[in-house]
Amino acid sequence: MKRRVFMGQAALAGPLVWPAWARAAGESAPRLISLSGGMTEVVWRLGAERWVVATDTTSNYPAAAQRTAKVGYMRQLSAEGVLALQPTAVLGTHEAGPASVLAQLRQAGVPLMLARADHSFQELLAKVRLAARASGLREAGQALEAELGTQWQQALRRIEQVRQQRRQRQAAAPRALFVMNHGGRPQSAGRGTAAQAMLDLAGAVNALDVDQGYKALSAEAVAQARPDVIVTTTESVEASGGLSGFWRHPGLAYTPAARQQRVLVMDAMALLGFGPRLPQALMDLHQGLS
Amino acid sequence: MTIGAHQLSLHKAGRCLLDVPHLNLPAGQVHALLGPNGAGKSTLLKALSGLERTVAAQVVLHGRSLDQWDILALAAHRALLEQDHRVPFDFHVTDIVRMGRYPHGARPHPREVDLVSNCLQQAGALHLLHRRYDQLSGGEKARVQLARVLAQIEVSPDDHAARWLLLDEPTAALDLAHQHAVMRLLREVAAQGVGVLVVLHDLNLAAAYADQVLVMNDGRIDAQGPCARVLQPELVARIWGVVCERVGLGQGWLAFS
Amino acid sequence: MSALASRWPRPAMPSNKVMGLLGVLTLLGCVLLAISQGAYGLLIANWHQGGAEVFWHIRAPRVLMGVVAGMALGVSGALIQGLFRNPLADPGLIGVSSGAALGAGLMIVVGWPWLGARAGPWALMVAAFAGALLVTALTWRLARREGQVQITRLLLVGIAINAGAGSALGLLSHLADDEQLRSLTFWLLGSLGGSQWPAVSVCALVVALALSLPLWHPAQARALNVLSLGDTSAQMLGVNVQAVQRVCLVCVALSVGAVTALVGMVAFVGLLAPHAVRLLAGPDHRVVIPGSALIGACLVLLADTGARTLVAPAELPLGVLTGFIGAPAFVLMLHRRAALA
């Protein structure tokens, strides 16, 4: 396990290296802090959960992860809180923050192993590699990589098959819309989101392919977009009080999807977390859209 | 020792607020400023005190125009008592009166310690000494503010420059007994050499206590002179539009019908 | 006391020196508490196994920042309340907080690559500070008429500017993507986390310079006392009202701007600290201004200690704690004030 000396942050953090930390590292069992739901799932799949000392508030799957100590939301960490747990590695994505706290952790010599969250299969592989390195489970890591790779190729092949068949029939790709409502106003997914990436992979077209990020649902814009199928999360349906309540929203009620009651309800973390359930989630999504 | 003005004119938004070609008021006397609402009494008071910066050059106090006076020296020699007595924080009465001593920081009075109590006693408010100001009634607040302006113009014995007290309706919130007490106080203060210019609405009060009366109308000084000569029924009818007649009791009172 | 006044004896009150000493001791107590509490327990026991570093590089700059922030907000609250002659006034009235938020929001959502490349992590703080100063200057400029600023006009312009900045922030929130939105939201909630020596030192220097005039020169405090009588009465008493306004506004803009740029929005301290001092020691600004510095610092330290320890290893936003401590304290104070009256 390497101690990182971070000189690039010298202007902000001051030129310090903490020797005491380095001495302590590498002498005992790994102590892992896992940030972001997808990364936590990877750690559990690898079998490294016995070394997890804390997770963040987005790590809710599997159920055991909810019972670990919580360091708060991954974008709002506390330097002292993380250091008090004396981790040998902090695993997560580049979305962790704030930057000043990360700088303090680097200064203290805590290895930050952050995968780039670019909403691709590479992201998942990066998570597996980092988790394997941090926990020392190299063989398990390679095995998991291979297993996920196989599943992924299978899914991609099937999607390509269906796409060819569709082209022969000269049928259009399904128009889908991802809607999320975790209490408050419903939001639709635009470009650059994990949801958009999943729809693209599944061979669908995002009916509302405008703005960046998640935006409040505009009833008229959605009606004009005419999606054939709505993709949403289980939490969103619960928040709307069941499917009937979900369809009653003015933006959704007048879509072709509503007329045929075509909705695809999936688990949020499985669909968007880019964790080990990714290949299965992609298959489920693709099946539901066709 | 006088306060005077020359070519004092003030226009705002096309209206003539003040048009006083010449004014000269000697110290040591009580001058009453009378007139109907909107005649310009408060405006003239503000101009003479230096609040209206635009006409400060036209007002002369003790030989110097107001814009040539040092701000603190001016504050030590003339005080203005306005009608609004609200103070936002919970100061004590002594704090309020002591604020009147602000301009004297550089040259404290030899008996600075006693000044607060003396001024309060003169104003008839000594019994309020340790009360909180915001808990007083309107009349009590008015008397404390009077003590404050008295403290303001209390200068060292070796300072012989004229001092002036300008008051805008000091009797407005007071009951009958205190109205007369305040007017008597103003006469005593004038007897010590201080010039007093007071805006009043009660013509009888003015007639009883003022040495000279100035009657304003439409921004101009319509009449000026001793009360007995100026305050005649014809003038009252012309300026205020109220019918009255002189009643020959003591100092020539007016009875209104 | 004069013979006349001795007939009405003054009710007993502890002298200002005693209160001042008590205040400093309380602050020292809060500092000790803040330094000794934290997620990283028992610093003395593991001083040589990383405890020393946690103390010097994480906890100490944070505690210093807490003191600096509390003093800046407390004194600024006292100055603003004196200036507006209203015990409900708050430094945000002149637009300094919303200006800082707008600067930070623009930096987070729109970004400025030129500044980001040169300043790196300092870019956000610089942008927030610049925003605070610019918006306050705009408010000041718009409130001037014929070379004079009337306080009521300043209040109204401040309300309008705050509303405008709020709308602009709302627009930025709409344009922001997920990550930017979360960054903005957490910035707005305020936190002392991530305080490091270089930034804290610069901020402390700016605040010390900005507050040097009101804290060390009683003339400003005496002038604010007299200002309570009203603008015209104060003018008649020889107070240069325009100069007093300018000094107050510059001090508040610089100190609150610097603190908000580093810490984010912290509610309540500027409103509460002067009130507490007035209740304990009277409304004389010569006491209220330094007293607000002490009490403001204590409040922020207590709130931050709670923020760091209540849900350890996680952390609560500072604004939540100042509200939790401040709101009941405020109600208690009003209750006690009514009972004393």
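The structure is a predicted model, in which local features need pLDDT of at least 70 and side-chain atom pairs count only at pLDDT 80 or more, whereas totals for chains, interfaces and linings use all residues. Residues are numbered from 1 along each chain as its sequence is written, and chains are lettered from A and ligands numbered from 1 in the order in which they are written.

Of the 341 residues of chain C, 53% count as buried; a residue is buried if 20 or more other C-beta atoms, placed from the backbone, lie within 10 Å of its own, exposed if 12 or fewer, and partly exposed in between. Chain C has 14 helices and two strands, where helices (H or I, at least four residues) and strands (E, at least two) are DSSP runs numbered from the N terminus. Along the principal axes, the C-alpha atoms of this chain fill a box of roughly 70 × 55 × 35 Å. Among contacts in chain C with a separation of 6 or more, 78% are between residues 24 or more positions apart, a contact being two residues whose C-beta atoms, placed from the backbone, lie within 7 Å.

Two helix pairs illustrate the packing of chain C. The axes of helix H2 (residues 47–84) of chain C and helix H8 (residues 197–216) of chain C come within 10 Å and cross at roughly 30 degrees; axes are lines fitted to C-alpha atoms, for helices over the stretch in contact, and angles run from 0 to 180 degrees between N-to-C directions. H2(C) and H8(C) are therefore roughly parallel to each other, a term for angles under 35 degrees, with over 145 roughly antiparallel, 65 to 115 roughly perpendicular and the rest oblique. The residues of this contact include Leu64(C) and Val68(C) of H2(C), and Val200(C) and Val207(C) of H8(C). By class, the contact of H2(C) with H8(C) has 16 nonpolar, no polar and no charged residues; Ala, Val, Leu, Ile, Met, Phe, Trp, Tyr, Cys and Pro count as nonpolar, Asp, Glu, Lys and Arg as charged, and the others, Gly among them, as polar.

In the second pair, helix H1 (residues 16–36) of chain C packs with helix H13 (residues 285–309) of chain C at about 20 degrees, their axes 9 Å apart. H1(C) and H13(C) are therefore roughly parallel to each other as well. Among the residues that make this contact are Asn16(C) and Gly23(C) of H1(C), and Asp304(C) and Thr305(C) of H13(C). Their contact divides into 12 nonpolar, five polar and one charged residues.

Of the two pairs of chains in contact, chains A and C share the most contacts. Here 36 residues of chain A meet 29 residues of chain C. H5(A) provides the largest share of the side of chain A that touches chain C, with six residues. That side of chain A comprises 21 nonpolar, 11 polar and four charged residues.

At the other interface, 27 residues of chain C are in contact with 29 residues of chain B. H10(C) gives the most to the side of chain C that touches chain B, with four residues. This side of chain C has 12 nonpolar, 10 polar and five charged residues. No contact joins chain A and chain B, and their closest C-alpha atoms lie 42 Å apart.
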